[in-house]
Amino acid sequence: MGMIVNSSSTSLKEYRLLPALTSEASAKNKVSLHSRLCQSPSGYLRLNTPFVSASMQAVSDARMAIALARLGGVSVIPVLADEERQISMVKKVKQYKAGFQRELITFCPDTPIRRVQESNDTTGYSIYPVTDNGLFHGKLLGVITDKDFDALVDLDIPVAERMKTQLVVAPDGTPLTEAKAIMIETGRGFLPIVSEEGTLKSVVFRKDLEHHLRFPDANEDSDGRLVVGAAVSTHPQHRSRIPRLIEESADFLVIDASDGYSIYQKETIAYIRSLCDTPVIAGNVVTSEAFEYLAEAGADGIKVGMGIGSGCITQEAKATGRGQATALIDVVSARDNRVAAGGSYIPIIADGGLSSPADICVALALGADTVMMGNYFAQCTESPGDIYYRDGRAFKKYWMEGSLQARNLGRYFLGNDENTPADYFAEGVSGWVAHKGSIFDLVPNSCSKLKASLSSAGCCSIRQLHKSARLEHQSPVAIGDSSVHNMIKDNEFE
Ligand code: IMP
């Protein structure tokens with residue numbers, strides 16, 4: 001008979017924090033959410049907001065990575081089957097200059113307006129440059145916005161008939177402050193930057209500039225570029241991209257595997273170490289032994305979570321996994337023992353199954369330094385993919401990396417030769433999530449709730465939360481009491 005190691009495995013949703021004295025030092029406006037993501041050659045790579053967007057195709061592309069880094073978090077660009085695409089996404093984030101956008105949906109003058117309308121509906125964008133060849137770096141001929149045409153009558157006429165051609169533009173090399181001054185003076189919300197020959201080089205949105213000024217917490221590297229991570233797999237076939245990701249200045253690498261307690265992770269860490277000192281986050285693990293194994297192998301950060309992602313069927317398929325609270329308690333105790341024995345502090349990332357600020361707060365209180373989320377970010381306007389409408393409600397597509405749609409063999413195929421994965425099976429599903437709005441609203445809202453939780457727990461930082469949080473396991477009846485009961489909510493009363 002196998003050994004029963006624990007009477008039960010618990011979820012984050014079963015724990016609640018007990019309040020502690022809120023002092024002036026822990027007042028909500030004094031709470032900092034700064035945290036350590038992983039060890040780095042200069043100490044630690046730190047985040048101003050402890051949120052990491054999952055290395056999933058449905059979640060983290062360059063657009064998401066730029067938005068989240070500006071909010072103080074960070075994204076991990078997933079291992080895409082197309083190596084060039086992954087590299088170019090990292091490049092795009094590192095090349096991004098606050099306020100200047102170097103890629104945007106662009107139309108040709110003879111494109112029917114119907115396409116502009118479709119883009120408005122699915123992407124949420126409303127301003128588009130028009131160039132001679134329809135490419136971003138073509139010759140700029142005009143600009144079309146959602147206010148320039150009548151969606152009831154103009155759909156079949158070409159863009160050229162409605163685009164604005166009297167444009168205010170600025171020459172390449174214009175500094176951001178000057179671009180802002182031009183936009184204020186001319187009352188424009190959009191400023192194309194063009195070369196001497198009239199080709200479009202970049203565009204500045206006033207909204208973005210204001211974002212830049214409003215988000216002083218952006219995570220930037222020492223050259224002022226936004227911080228971004230890149231996922232790598234343990235499969236030798238994917239090794240060729242690792243030096244290229246390093247060359248493109250990926251700030252850290254994340255080894256992706258559904259089960260990180262493997263010799264393949266150790267070999268991959270050793271391989272990366274033989275190339276450079278870029279920080280490496282390994283995982284996923286759910287036990288103290290696995291944490292120690294990866295710590296000894298040289299991991300700079302370790303992801304915790306198995307079988308609990310929102311669309312994950314690993315436990316159904318392999319009967320392997322663990323409740324996220326129990327996994328964190330076990331792994332964090334191994335981390336703390338290691339520190340007590342004189343070892344270095346290895347930050348822990350709670351990955352998967354976090355659906356609310358309450359889950360995030362419990363994970364941090366149990367000792368996680370940051371949280372990695374897929375579902376949460378898939379709900380944002382900034383995640384890859386279009387917004388779909390059904391019965392008056394908005395949705396986005398969300399698919400897991402082990403689903404048949406993603407078929408991420410580097411992560412979910414344990415054999416050695418992924419060219420002959422005859423025994424590959426799905427470990428995740430694909431489906432839909434409700435579209436909740438922009439990340440620029442969602443993340444600050446969640447941070448505000450998190451700060452309030454820390455303040456109630458008498459803590460002004462995540463480090464203090466680790467030291468002094470007191471949590472209690474709740475019975476099913478107590479959990480029932482903690483959600484709305486004995487009344488019908490307005491939105492459910494029809
Ligand atoms: P979520 O935030 O609950 O949706 O979980 C996201 C996390 O689920 C990711 O960061 C991965 O660790 C994990 N994950 C992604 N795809 C799969 C899958 O196909 N099967 C199992 N776990 C997955």
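This tour moves through the structure selection by selection and states what is found at each stop.

The model is predicted, so local features are taken only at pLDDT of at least 70 and side-chain atom pairs only at pLDDT 80 or more, while totals for chains, interfaces and linings use all residues. Residues are numbered from 1 along each chain as its sequence is written, and side-chain values use heavy atoms, with hydrogens and water left out.

**Domains**

Begin by colouring domain 1 (12–98 + 219–481) and domain 2 (113–205) separately; these bounds come from an automatic or database domain assignment. The C-alpha centres of domain 1 and domain 2 lie 36 Å apart.

**Helix 1 and helix 2**

Next, select helix 1 (residues 62–70) and helix 2 (residues 83–95). Helices (H or I, at least four residues) and strands (E, at least two) are DSSP runs, numbered from the N terminus. The two helices pack at an angle of about 35°, and their axes are 9 Å apart. Axes here are lines fitted to C-alpha atoms, for helices over the stretch in contact, and angles run from 0 to 180 degrees between N-to-C directions. Display the side chains of Ala62, Ala65 and Ile66 in helix 1, which meet Met89, Lys92 and Val93 in helix 2. The residues of this contact comprise five nonpolar, no polar and one charged. In this division, Ala, Val, Leu, Ile, Met, Phe, Trp, Tyr, Cys and Pro count as nonpolar, Asp, Glu, Lys and Arg as charged, and the others, Gly among them, as polar.

Remain on helix 1 and select Ala67. Ala67 is buried, with a relative accessible area of 4%; buried means under 20%, exposed over 50%, and partly exposed in between (1.4 Å probe, protein chains only). Leaving aside neighbours within four places in sequence, Ala67 is in contact with Glu382, Ile439 and Phe440.

**The nonpolar cores**

Now select Leu37, Phe51, Phe252, Phe377 and Ile439, which touch the most other members among the 106 residues of the largest nonpolar core. Such a core is a set of buried Ala, Val, Leu, Ile, Met, Phe, Trp, Tyr and Cys residues joined through side-chain atoms within 4.5 Å. Centre on Phe51: beyond neighbours within four places in sequence, its contacts include Leu68, Ile360, Phe377 and Leu450. A second, separate core of ten residues includes Ile113, Val130, Phe149 and Leu155.

**Backbone details**

Move to Gly283 and Asn284, which are joined by a cis peptide bond with omega of about 10°. Asn284 is found in strand 14 (residues 280–285).

Select Ser249 in the loop between helix 6 (241–247) and strand 13 (252–255). Ser249 has a positive phi of about 70° although it is not a glycine, and is partly exposed at 23% relative accessible area. Asn486, in the segment after helix 16 (476–481), has a positive phi of about 60° and is exposed at 79% relative accessibility.

**A buried loop residue**

Finish at Ser403, in the loop between strand 19 (393–399) and helix 13 (409–412). Ser403 is buried, with a relative accessible area of 1%. Apart from neighbours within four places in sequence, Ser403 is in contact with Tyr424, Gly428, Val429 and Ser430. The C-alpha atoms of Ser403 and Glu427 are separated by 6.0 Å, at 24 residues apart along the chain.

Key:
Contact means heavy atoms within 4.5 Å.
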